[in-house]
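Reader: I would like to work through how to read salt bridges in a model. Where do we begin?

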Amino acid sequence: MRLTAFTDYTLRTLIYLAGQRDRLVTIAEIAERHGMSKHHLTKVVYELGLTGVIRTVRGRHGGITLARAPEAIRIGEVVRASEPDFHVADCFDARRATCVYAGRCCVQGMLGQAVGAYLTALDAVTLADLACPEASAVAD
């Protein structure tokens, strides 16, 4: 499985925010720190706000912060919300299925189980697990 750049930015943003719990952080600060596109990061922050994972504060002294404790944010939840789909093969999307075996083989079922196991593994991880002291030290 390969995560999109959007999900990568999402996870890096959350890890950074977990290391900065005592203050509001700006999009510009995160973008500069990680060498990310500010425009792309704005979309990430908007989506995180819609899902309730972060809280945004508007205004001159505004910024963003986690809306929940890092221990309460499951990585599986975050990845599901940020990834457009989990189609690991064309047969997962009926509109793109070009395989002559589509609908008559076991590959789709096997890959579906693998994706399920992947997401189950991510459900067992919290943001607190990812925001270890080493990551927080990098954020400072």
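Author: This is a predicted model.

Reader: What qualifies a pair as a salt bridge?

Author: The test is a side-chain nitrogen of Lys or Arg within 4 Å of a carboxyl oxygen of Asp or Glu.

Reader: How many salt bridges does a search of the whole structure find?

Author: The search finds 4. Among them is Arg-23 with Glu-29, whose closest N and O atoms are 2.4 Å apart.

Reader: How should I read the accessibility of these residues?

Author: Partly exposed covers the range between buried, under 20% relative accessible area, and exposed, over 50%. Glu-77 has 30% and is partly exposed, as is Arg-68 with 27%. In the other pair, Arg-23 is partly exposed at 34%, and Glu-29 is partly exposed at 21%.

Reader: Which parts does the salt bridge of Arg-80 and Asp-123 tie together?

Author: The side chains of Arg-80 and Asp-123 meet at 2.6 Å, N to O. Arg-80 lies in helix H4 (residues 75-82) and Asp-123 in helix H5 (residues 107-123), so the pair ties together parts 43 residues apart in sequence. Arg-80 is partly exposed at 37% relative accessibility, and Asp-123 is partly exposed at 27%.

Reader: What is the setting for these pairs?

Author: The protein has 7 helices and 2 strands, in the order α-α-α-β-β-α-α-α-α from the N terminus. Buried residues make up 31% of its 140 residues.

Note on methods: Residues numbered from 1 in each chain as written. Predicted model: local features only at pLDDT ≥ 70, side-chain atom pairs only at ≥ 80, totals over all residues. Heavy atoms only, no water. Helix = DSSP H or I, 4+ residues; strand = E, 2+ residues; numbered from the N terminus. Buried < 20%, exposed > 50% of the residue type's maximum accessible area, 1.4 Å probe, protein only.
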